[in-house]
Amino acid sequence: AKVPGGVITLLLKGGNAQLTSTAAGQTVSDSGKYTINGDTIKFTSFTSGGLLLFAKEFKYKVEGDTFTMESSDGLFTYVFKKA
């Protein structure tokens, strides 16, 4: 997903989430867990305080190679393209 001045990469596999954010020449990585219930994905157990925006629930949908997440409060929407 593109964010102002950077890119976020998200890898989801077997309940484990790996998140990497690159902005302004700085790269920060974090990892945690995720669970899926219907059309909701919930992230937990992230270790870095810098990526706490992802330690919450999102509504998600998959359309072709696009994975879209919207925070339950409607403030954040992330669109990821499969690499």
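## Strands and aromatic rings

The protein chain has zero helices and eight strands. Helices (H or I, at least four residues) and strands (E, at least two) are DSSP runs, numbered from the N terminus. From that end, the elements run β-β-β-β-β-β-β-β.

This is a predicted model, where local features need pLDDT of at least 70, side-chain atom pairs count only at pLDDT 80 or more, and totals for chains, interfaces and linings use all residues. Residues are numbered from 1 along each chain as its sequence is written, and side-chain values use heavy atoms, with hydrogens and water left out.

Now the rings. A pair of aromatic rings is described by the distance of the centres and the angle of the planes. Rings of Phe, Tyr and Trp (its six-membered ring) pair if their centres lie within 6.5 Å; planes under 30 degrees apart count as stacked, over 60 as edge-to-face and the rest as tilted. The count by this rule is seven aromatic pairs. Two of them are set out here.

| Pair | Centres apart | Angle of planes | Type |
|---|---|---|---|
| Phe-43 and Phe-46 | 5.9 Å | 50° | tilted |
| Tyr-78 and Phe-80 | 6.5 Å | 25° | stacked |

Phe-43 and Phe-46 are both buried. Buried means under 20% relative accessible area, exposed over 50%, partly exposed in between (1.4 Å probe, protein chains only). Tyr-78 has 7% relative accessibility, so Tyr-78 counts as buried. Phe-80 is buried too, with a relative accessible area of 7%.

Which residues do ring pairs link into a cluster? They are Phe-43, Phe-46, Phe-58, Tyr-60, Phe-67, Phe-76, Tyr-78 and Phe-80.

Of the 83 residues of the protein chain, 30% count as buried.
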